[in-house]
Every structure is written in structure tokens, then in C-alpha cells.
Amino acid sequence: MPVTAKAKGSLVEVFSSCQGEGPLVGCRQIFIRFSGCNLECHYCDTDWQLRDSCRLEKEPGCQEFEELPNPISLETVTQTLNRWLVATPGLHHSISLTGGEPLCHTPVLAEWLPELSSILPVYLETNGTLPEALTGLLDWISWVSMDIKLPSMTGHKPFWDEHRQFLETCREAQVETVVKVVCSENSPLAELEEAARLVAQAYPQAVFVLQPVSSSEHRPPLAWLFKVQEHLATIHEDVRVIPQVHVLLNIP
């Protein structure tokens, strides 16, 4: 029986760097950044627009890239990953699927994930608004990092129902999950309380991360963050304050 070619993916870049957000801060990962997103949040600092070519790092962490035409084949990606793992054994913790929004590419992920997860564990970074797209993929995902999109921060409508369904799906699959909430001093306490209650009800074992916005103009004072953490800890048992470390270190 002939082997069917895997679907090709529209990528922005493939590179090696340290995870800069959440509990896995500092872990070296291979990042596969997908183009496109179903949202346009006010604070987004990522270039996820669809483009004609994908940037592929030449060697892990060298920050020198070659351009390959989009869409990219799974074979091209896995050849690069396997070469890096031979060159730097034991360095990489996992593969981060990021964007944009990776779950906008569900048909591609359904074909790619079995092979990618056989190379390294998979860490999915997602805005948590597409719960239906997650179904059928969690068998190959080891970690989910889900954003809760506060309406005051994003400029979008609330996504409480979508976030709840997403977290319940992760809980049922028993996938280790972290929930990040980007916040500023202007974030309404009522929204932060709603986010904490949602996580406490939908997935009590999930880590809840308060992530202050990175821009110095809007970054909340530490005293404010501590007060909010103290208050939310009465709602959810694991509330942490973790900034975007890659911004502090000026790394990709």
C-alpha cells in the first residue's frame, strides 16, 4: 500500500530557544511557530502573519536562518529536528507548538503530531478559544499552556464558555495544563476573579499564572501583583506570578 504524503504546514519559523513563559521558564525547546490566528489581541507582540516563506534556524540557538518556501513538509521539519538532537543530545526538553494559534491548523496537526511526539514531548501553546479543535489531538500532547483572554486586555468579547470547555477537555484527558492570564494594573479584579474561579472549577490541578504585561508603560507594580495573587489564592490553590523572561533576557 503506497504511503500517503503528509499535509504541509504554513509556518512562520522553526528555531531553538528557552521557554520564556509559565512554569517551564528556562527549559530549552524547539519552537514550531504556525502562521495565522483567530484573534487579534491588543497586547500581542508576535508576528504570526501568513507569509511566502518560513525561517528555519540553521543550528540550535545560532539565530541565523535560511528561508524555505511555504507550506513546509513534515519531512523537512523532522529532518531538522533529528539533526539537532544528534548534534545537541539532551539539550531540548520538548517541542513547543506556538503561533499565532496552532489549533487553526488542526488537519495538519492531526497528521504531524504522531511523528513529532515520537521525537520529543509536545507542548501546545494556545489561546484556548477553539475547544472543538483540540478533540482528537491530546493523545500526542504532553503539556497544554492555555491563555485566558481577559476582555479588558484583548479588546475581544469574553471567551469564558470556550475556555471552560477547553479546560474540561484537558482535565478529562489528564494532560498537564498551565493557564496564563496577561494582566495590567488596569485589569478589573472581577475579571481576574472570574478567571480564577473558572480554572478552580474546570481544572483544579492546573497551574494559574499571572503574567504582567511586558511593556514598562503598562507593567503593574509588584505590590499590586502580590495583592492580586494573595486574593486569587483564596479561589484557586496554585496561583503564581511569572513574567515573560525572554523579554527580560532579550532572547527569541
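## Buried rings

A residue counts as buried when its relative accessible area is under 20%. Keep that in mind as you look around this predicted model: Phe-34 and Trp-112 are both buried, and so are Phe-15 and Phe-31.

## Two aromatic pairs

Now for Phe-34 and Trp-112. Here the ring centres are 6.1 Å apart and the planes are at 50 degrees, so the pair is tilted. Phe-34 is in strand S2 while Trp-112 is in helix H2 (residues 106-119), so the pair ties together parts that lie 78 residues apart in sequence.

## A charge over a ring

Check out Arg-55, which lies over the face of Phe-65, at 3.7 Å from the ring centre.

## Helix H6 and its neighbours

Helix H6 covers residues 189-202, which makes 14 residues. From its first C-alpha to its last, H6 reaches 20 Å, close to the expected 20 Å.

Which residues of H6 are buried? They are Glu-191, Leu-192, Glu-193, Ala-195, Ala-196, Leu-198, Val-199 and Ala-202. These buried residues pack against several elements, including helix H5 (160-173), strand S8 (176-183) and helix H7 (222-232).

Terms used:
Residues numbered from 1 in each chain as written. Predicted model: local features only at pLDDT ≥ 70, side-chain atom pairs only at ≥ 80, totals over all residues. Heavy atoms only, no water. Buried < 20%, exposed > 50% of the residue type's maximum accessible area, 1.4 Å probe, protein only. Phe/Tyr/Trp six-rings, centres within 6.5 Å; stacked < 30°, edge-to-face > 60°. Helix = DSSP H or I, 4+ residues; strand = E, 2+ residues; numbered from the N terminus. Lys NZ or Arg CZ within 6 Å of the ring centre and 35° of its normal. Expected span 1.5 Å × (residues − 1). Contact = heavy atoms within 4.5 Å.
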